[in-house]
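Let's walk through this model together, moving from its aromatic rings to a helix, a pocket and a pair of backbone angles. Keep the structure open as you read.

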Amino acid sequence: MIPLVVNIMWVLYAVSAYLLALVGLNALVLSLMLLVRGRRPIPAVPPVADETWPRVLVQLPVFNERHVVERLVEAVTALDYPRDRLYVQLLDDSTDDTEHIAAAAVARARELGLDIAHIRRDDRVGFKAGALAYGLTLCDAEFVAIFDADFVPQPGFLKMLLPHLLADEHVGMVQARWAHINAGYSHLTRAQALALDSHFAVEQPARHRNGLLMNFSGTAGIWRTRCINASGGWDLNTLSEDIDLSYRAQLSGWRFLYLPEVGVPGEIPPLMMGFKRQQARWATGTVQCLRKLGPHVLGSQLTLWQKVQAMLHLGGYLIHPLMLLTVLLALPMTLSGGFKLLPLAGLGLAMIGPPLQTLLAQRRLYPDWPRRLLNFPVLMLLGTGIAVSNTQAVLRGMSDRPQAFVRTPKFQLGEHRGSWAASQYTLPLDAITFLEGLFSLYAAVTAVLAFTRVPALAPFMILYALGFAYVAGTSVIQALVARRTQAQARTLHLGSASSTR
C-alpha cells in the first residue's frame, strides 16, 4: 500500500512540476518572440480630416467609486475630440454616495459642453458586462471606448487609436497599454507594476506581433460596435467579459491591434486584500472562459501553434493549484524519498522565462529600469504567496454556479501620496489569510527537512514559506492599520460632536 501511495505522489508531483515548467518555458518563448518581431513598427495610417471623425461612445462603468469617479469624469471631459461627435455614458451601478458625487461631476461636465449621461439601472444584472450591454442599447455610435473608474486617459487618446480602426474595417478592437498612476506608492504596488508591465510590454506585443490571439484588457481600448454585435455581444455569464468577447470576436475572423506606445495610467491596488480580490476575480473569470471557449478554440481553423498559445493563455491561472499541489506533496515526498527517482533535470531552463520577461519590460519602458528591478524579489514573494487565494478562485471558475462580481477598491492615490486607511472601502481579513499562514509554516518545515534530504528542494520551499508569510503578513498589518485609523477617526468625530452641543 505504501509503495502505491508513493507512486501516486510521484506521478502527481511530476505532472505538476512539468506543467509549471511548461508555463515558465512559454514565458521564455514569448520573450524570444518579442525580441525577434516585437520591435517591428505598426504600419502608418493616413491622417483623419477634422470633418470626418466618426461618432464615438465612451462608456465609464463604475460601482461604488467615491474616491475616483470625479477624476474619471474630468479626464474624459478633457478628451480632444469634436464635441458634436462624442457621447459619454457614466454607467453607475453604485449603492453608496458615489451616485451623488457622480451626479455632481456629470453636471459640471455638461456645463463644459460634454454630452454625458448619468445612467442608473434598477439592478446589477450582469455586473460590468450587463452595464456595458445596456449602454449600447441607448446609443448607435460606430465606435465605443471603455475606461474603468481608476483609469485616466490622456486628451489625445481617441485621436491616437481611432485612425487604426478607420484605416482597416477588419480591425474590431484597438488596445492601449496599461500604465500606472501609483506604481511607486509602496512595495506592493511596485511589485504589481512589474507584473503588469511584463504582460503589457512583453506578452501582449509578442502575441499581437506574431499572429496569436490576444485580449481586450477590460479598459483603455476602443471597439468597433459592429464587431461587438457580430460576435454575440457582451456575455453576462463570466467574470472576464473582456477575454470572453475578445476570443469570440477573433474566432469569428476579426483582427485586433495592440499599441504599446500608447499608455493609459490606472491605479494599482494598494491593499493586499484588494490585490487578492482582483486576482481572484480574474482567475475565476479566465477559467470560466477556458471552460466555455476552450472547445471552440480547439475546433477552430487556427493553426496548431495558435491553438497551443490560446490554451496556455486561457489556462494561465491553473498554475496556482499546481503550485499549491507541489507544496503539499513536497513534505511527504521528502520523507518517503520519492524525489530520488524524479527526473527533474533540465527544468531549470524554464525558470529563466519570468525574470527575462520582467527585464525586457522594464528596459523597454523606463530609463531607470535597473532601479525598478530591485523590486523583483518582492514580485517573487507575491507570485508564490497568492497561490492559496487564486487556487480557491480557480475552483470557483470550474463550478457551474454563478459567481458575483466583487470590485477592487480604489483610493485616488499618487506615486507617493494619499492614504487608504481611513476609507470605508478597506477590506477585512478572510479565512484565506489564515490558510496562507498555515501554508507558510508547512513550507518552512519542509524546507528544514529538505536541507539534509533533498538540498535542491530547500530554496523553493523557503521561497514559498516567505511568499505565503508576505501575503498573509501584509494583509494582517494593513487590516490592523485600517482598524486603528478608523477607530481614531470615530473618536475624533465623537469628540467634535460632543463639543458642539
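Trp223 and Trp234 are both buried, where buried means under 20% relative accessible area, exposed over 50% and partly exposed in between, with a 1.4 Å probe and protein chains only. This is a predicted model, with residues numbered from 1 along each chain as its sequence is written. Local features need pLDDT of at least 70, side-chain atom pairs count only at pLDDT 80 or more, totals for chains, interfaces and linings use all residues, and side-chain values use heavy atoms, leaving out hydrogens and water.

Now for the ring pairs. Rings of Phe, Tyr and Trp (its six-membered ring) pair if their centres lie within 6.5 Å; planes under 30 degrees apart are stacked, over 60 edge-to-face, and the rest tilted. The whole structure holds 12 aromatic pairs. In one of them, the ring centres of Phe151 and Trp178 are 5.0 Å apart and the planes meet at 65 degrees, so this pair is edge-to-face. It bridges 27 residues of chain, from the loop between β4 and α5 to strand β5; helices (H or I, at least four residues) and strands (E, at least two) are DSSP runs numbered from the N terminus. Both Phe151 and Trp178 are buried. Ring pairs also join Phe151, Trp178, Phe200 and Trp282 into a cluster.

Next, follow α5 (157-167). Its buried residues are Phe157, Leu158, Leu161, Leu162, Pro163, His164 and Leu165. They pack against β1 (56-62), β2 (86-92), β4 (143-146), β5 (171-180), β6 (221-224) and β7, contact meaning heavy atoms within 4.5 Å.

A pocket here is an open set of points on a 1 Å grid over the protein atoms alone, where a 1.4 Å probe fits, with protein on both sides within 12 Å along at least five of seven lines; lining residues have an atom within 4 Å of a point. Of the 24 lining residues, Val171, His208, Arg255, Phe256 and Leu257 lie nearest the centre. The largest share, 3 residues, comes from β7.

Finally, look at the backbone. Most residues other than glycine have a negative phi. Ala220, in the loop between α6 and β6, has a positive phi near 60 degrees, and at 0% relative accessibility it is buried. Gln412 has a positive phi too, near 55 degrees, but is partly exposed at 36%.
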